[in-house]
Amino acid sequence: MEYKIIDLTYLESISEDDNEFKKDMIETFLTNTPSYLAEMKACIKTKDWKRIGDIAHSIKPSFSLMGMNNNKDLLLNIENSGRNLKNTRVIPDLIDQLETLIEKAALELRIELDDIN
Amino acid sequence: MTAENSVKIYIVEDDPVYLKFLDHIVSLNPDHEIKKFSTGNALLEAIHDKPSVITLDYTLPDISGEEVLKQVKDFDPNIPVIIISGQQEVGIAVQLLKLGAYDYIMKDEETKERLIYSLTNAKRNVQLVNEINTLKKEISSKYEFEKSIVGNSPAMKQVFELMQKAVNTNITVSITGETGTGKELVAKAIHYNSKRRNNAYIPVNIAAVPRELIESELFGHEKGSFTGAISRRIGKFEEASGGTIFLDEIAEMDLNIQAKLLRVIQEKEVTRVGGNQIIPVNVRILAATHKDLSEEVKKGNFREDLYYRLLGLPIAIPPLRDRGNDILVLAKYFLDMFCTENEMEKMTISGPAREKLMKYSYPGNVRELKSIIELSAVMANDREISAEEINFPSVRNEDKFTYEELTLRDYNHRIIDHFLNKYNDDVLKVADVLDIGKSTIYRYLKEKNK
């Protein structure tokens with residue numbers, strides 16, 4: 001199946017037909033990413049930009065695993081702005097973009113899950 | 001999976017998605033027993049279970065990967081820690097490798113291959129370190145004083161006392177004793193019971209190295225320093241740094257090399273032949289000789305200043321003939337050892353054979369006794385060695401009359417026999433050679449034929 005946001009080629013090469021593993025990875029991503037997003041949003045209120053940068057850094061590899069490589073720069077921007085305390089005023093806007101991205105990715109990932117089941 | 005093959009791998013990763021991913025890769029090998037941690041503190045609490053390898057995420061929510069690495073290394077520097085990080089900065093990787101990280105792997109599309117490769121190498125590393133430690137322990141126990149040096153005569157007890165004193169400090173030890181008394185065994189036992197036991201023990205037999213090569217053997221040489229020096233060579237002193245060098249047959253050393261050795265001992269540094277670089281060395285010196293070094297000093301063959309430098313704690317190993325009952329203790333020890341090594345039934349030594357062993361003078365000392373016992377074990381017709389089956393091979397001309405302990409009267413008879421034999425029973429000739437009356441010889445022959 002062709003997707004616009006995600007690309008599971010790499011994950012599939014790692015899974016080597018182990019659908020359970022693939023399913024598990026996608027479910028874990030779907031469960032955990034919203035809580036990271038929620039934490040980032042909470043940090044906007046407390047202006048804890050550094051923590052936002054750290055979270056962006058932490059979740060970057062799992063976005064790669066879901067093949068969301070076209071949107072790598074978005075997370076990198078949030079990470080750098082947050083950690084270096086530069087251009088922090090754009091961070092809320094970047095996080096809005098991230099939320100939209102995650103929603104779109106989640107839709108595609110659920111389709112994939114349905115396919116597996 | 002067997003417990004024997006299982007390898008404990010600890011994975012530390014705060015992102016649940018990536019943790020699952022790493023878990024999947026590591027569990028591809030069924031021998032891996034995996035434990036997962038999402039914080040640095042959780043890992044440090046479980047570190048006492050001694051994991052074989054740790055994979056560590058650099059960015060953790062509680063403490064930094066660098067701090068976790070330091071604490072793991074403080075606990076046990078031999079646990080390989082593979083850092084898996086999203087950081088691309090080279091500086092961080094270099095810093096972590098300097099702190100003792102085993103490898104640094106980026107979170108990217110090559111993570112799987114690199115992690116599998118790194119784990120394989122790290123496990124092999126752990127296995128080798130464990131093997132080395134086991135072997136070191138085995139060697140140390142092999143050279144425990146009582147196990148490696150057999151004997152309980154007063155003369156040997158004194159040697160043990162001195163050895164005990166030698167292991168507690170770094171003092172130079174000079175070991176003297178006739179050939180075959182076990183000088184090298186004493187040197188090894190001192191090293192493997194000293195604080196330096198985990199570092200190198202390097203023996204050098206000065207007499208066995210050609211004179212022109214001894215300098216480069218001891219101190220090393222640079223490429224091209226002399227014809228044949230095709231590459232740089234590290235000398236024995238450098239090899240022994242942190243450990244012990246055993247200079248056997250030290251009396252055979254040339255005077256000009258003695259001067260260089262003295263410099264090395266005084267300055268605690270070596271310069272390779274043909275080189276300019278001064279290399280500091282921290283070496284303990286044990287020296288041995290079968291000669292009387294003070295005599296060699298008097299004769300001008302050995303430098304006096306070096307003699308005093310090397311003297312340190314002198315340990316004189318007594319010759320076997322002065323060790324009384326040790327002869328029988330050692331004979332039994334060598335016989336048991338020979339039987340075990342050759343998968344033979346245990347053997348004993350008969351009473352007359354023991355008496356014969358006690359009477360011999362052993363010019364070749366313990367080494368000679370060992371070969372006598374081994375030969376007799378081979379020659380023996382049953383499980384007990386008889387007196388006839390014991391042969392003393394190394395009776396030299398000058399010892400011909402004294403290799404056994406006899407009365408003067410028996411010695412006299414033996415001498416007369418020898419010369420009668422030599423001069424075809426010509427009593428007058430023998431009386432002339434020995435400057436005794438011919439009646440003495442006749443009297444002896446009469447007694448002998450009774």
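Between chain A and chain B, about 1800 Å² of area is buried, meaning the accessible area, taken with a 1.4 Å probe, that the two parts lose on being put together, summed over both. Carbon and sulfur atoms give 61% of that area. This is a predicted model: local features need pLDDT of at least 70, side-chain atom pairs count only at pLDDT 80 or more, and totals for chains, interfaces and linings use all residues. Side-chain values use heavy atoms, with hydrogens and water left out, residues are numbered from 1 along each chain as its sequence is written, and chains are lettered from A and ligands numbered from 1 in the order in which they are written.

Staying with the two chains, 21 residues of chain A and 16 residues of chain B take part in the contact, where contact means heavy atoms within 4.5 Å. Two salt bridges are counted between chain A and chain B; the term stands for a side-chain nitrogen of Lys or Arg within 4 Å of a carboxyl oxygen of Asp or Glu. A salt bridge joins the side chains of A:E16 and B:K112, at 3.3 Å from N to O.

Which elements of chain A give two or more residues to the side that touches chain B? They are α1 (9–15), α2 (19–46) and α3 (49–65). Helices here are DSSP runs of H or I with at least four residues, strands are runs of E with at least two, and both are numbered from the N terminus. α2(A) gives the most, with seven residues. By class, this side of chain A has nine nonpolar, seven polar and five charged residues. Ala, Val, Leu, Ile, Met, Phe, Trp, Tyr, Cys and Pro count as nonpolar, Asp, Glu, Lys and Arg as charged, and the others, Gly among them, as polar.

Now to chain B and its sheets. One is an open sheet of five strands in the order β2-β1-β3-β4-β5, with parallel pairing; two strands pair if DSSP finds at least two bridges between them. At its edges are β2 (32–37) and β5 (103–106), each pairing on one side only. Neighbouring strands are turned by 20° against each other on average, direction ignored. Inside this sheet, β3 (residues 53–57) and β4 (residues 81–85) run parallel and are joined by four bridges. B:D57 stands opposite B:I84 in β4(B).

Helix α1 (residues 16–26) of chain B lies across β1 (7–12), β2 and β4, at about 170° to β2(B). Axes are lines fitted to C-alpha atoms, for helices over the stretch in contact, and angles run from 0 to 180 degrees between N-to-C directions. Helix α4 (residues 90–98) of chain B lies across β4 and β5, at about 150° to β5(B).

Another open sheet of chain B has five strands in the order β7-β10-β13-β6-β14, again with parallel pairing. Why is one side of β7 (201–205) and of β14 (313–316) left without a neighbour in the sheet? Each stands at an edge and has a single partner strand, so no neighbour is there on one side. For β7(B), five bridges in the parallel sense connect it with β10 (residues 244–248), and B:I202 has B:I245 as its bridge partner. Helix α13 (residues 304–311) of chain B lies across β6 (173–176), β13 (284–289) and β14, at about 95° to β6(B).

Last, the whole structure has 33 salt bridges over all chains. One of them pairs B:K35 with B:D49, with the closest N and O atoms 3.3 Å apart.
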